[in-house]
Each structure stands twice: as structure tokens, then as C-alpha cells.
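Here is a short report on one protein chain. Take a look at the structure, then read on.

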Amino acid sequence: MAFKFFSFGFSEPRYIRRTRAYLQEARMAVLEHSIAAEYYQSSAQMYAERAARLEEELRLWEAGDLHHVPEVPHRYSATSHITAAKPVIMDAPQVSPAVGVVRAA
């Protein structure tokens, strides 16, 4: 009995090894589809919020509020990665004229 336990790969029939491989593929497919489902769920939520925003903008326009400027909610601050420093403009480097011609032998 102990020999059968330690000789895992040698005494198994081929269909059992193949079944183990199929099981591993199925588990990977579950993981990949779970990741894809999470991505599509977040995309669906984003588009639902966008549709609601656009519907509200159309509703206000149809109500006659021509001076309404839609307020766009920002989840992330744009100023977090913008610095107040002025861009540095550097002069072009001085290029010396070519001295001679190099020929390959």
C-alpha cells in the first residue's frame, strides 16, 4: 500500500493522468473566466453611470436649461501628477562638423 502511495505517477493509468490534466485545465478556465467576469461587471457599471449622466444632460436640455454646464464628477484628482514647475527648454547641443570619412575595409 505504501508503495502505491509513493509511486504516484508510475502506477496510474493513462486515463487518470489525462483526467488530472483536464481537471487542471478546468480550474484554470474557472479562474480566467472569473477574472473576465469581474472586468466586464466593472465595465457594465461604468457604462450604466455614463448612460445616466448623458440621460440627465439630455433631460436638462429638453427642459430648456440651455445655460446648464454638465458637472463631470472626477474620481481622481488631475493635479496629483501635475507639478507647478515651468517646463525647462534646453538649447540644442552644439554639433561639430564631420572631420573625415570613415571607410570600411
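## A partly exposed glutamate and its partner

Start with E56, which is partly exposed, with a relative accessible area of 37%. This is a predicted model. The side chain of E56 meets that of R59 in a salt bridge, with 2.7 Å from N to O. R59 also counts as partly exposed, at 46% relative accessibility.

How many helices and strands does the protein chain have? The count is 2 helices and 0 strands. Helix α1 covers residues 2-6.

Helix α2 has 49 residues. From its first C-alpha to its last, α2 reaches 70 Å. At 1.5 Å a residue, 72 Å would be expected, so the span is close to that value. Just after α2 comes G64, and this residue takes a positive phi of about 100°.

## A buried glutamate in the loop

Now go to the other end of α2. E12 lies in the loop between α1 and α2. Is E12 buried or exposed? E12 has a relative accessible area of 14%, and it counts as buried because the cut-off is under 20%.

Which residues does E12 touch, leaving out those up to four places away in sequence? They are R17 and R20. With R20, the link is between side chains: E12 makes a polar contact with R20 at 2.8 Å. The pair also counts as a salt bridge, with 2.8 Å from N to O. Its nitrogen and oxygen are therefore inside the 4 Å limit for a salt bridge.

The two partners differ in cover. E12 is buried, whereas R20 is partly exposed at 42% relative accessibility. With the E12 and R20 pair and the E56 and R59 pair in view, the count comes to 2 salt bridges.

## A nonpolar patch

Next, the surface. Which residues make a nonpolar surface patch of about 280 Å²? They are M28, L31 and I35.

Look at I35 in particular. I35 is found in helix α2. At 52% relative accessibility, I35 counts as exposed, because the cut-off is over 50%.

## The chain as a whole

The accessible surface of the protein chain comes to about 11,100 Å². Of that surface, 63% belongs to carbon and sulfur atoms.

Note on methods:
Residues numbered from 1 in each chain as written. Predicted model: local features only at pLDDT ≥ 70, side-chain atom pairs only at ≥ 80, totals over all residues. Heavy atoms only, no water. Buried < 20%, exposed > 50% of the residue type's maximum accessible area, 1.4 Å probe, protein only. Patch = residues over 30% accessible without salt bridge, like charges linked within 9 Å, V, L, I, M, F, W, Y side chains within 5 Å. Areas by Shrake-Rupley, 256 points an atom, 1.4 Å probe, with all protein chains shown as cover. Helix = DSSP H or I, 4+ residues; strand = E, 2+ residues; numbered from the N terminus. Polar contact = N/O pair within 3.5 Å; in protein donor to acceptor, adjacent residues only side chain to side chain. Contact = heavy atoms within 4.5 Å.
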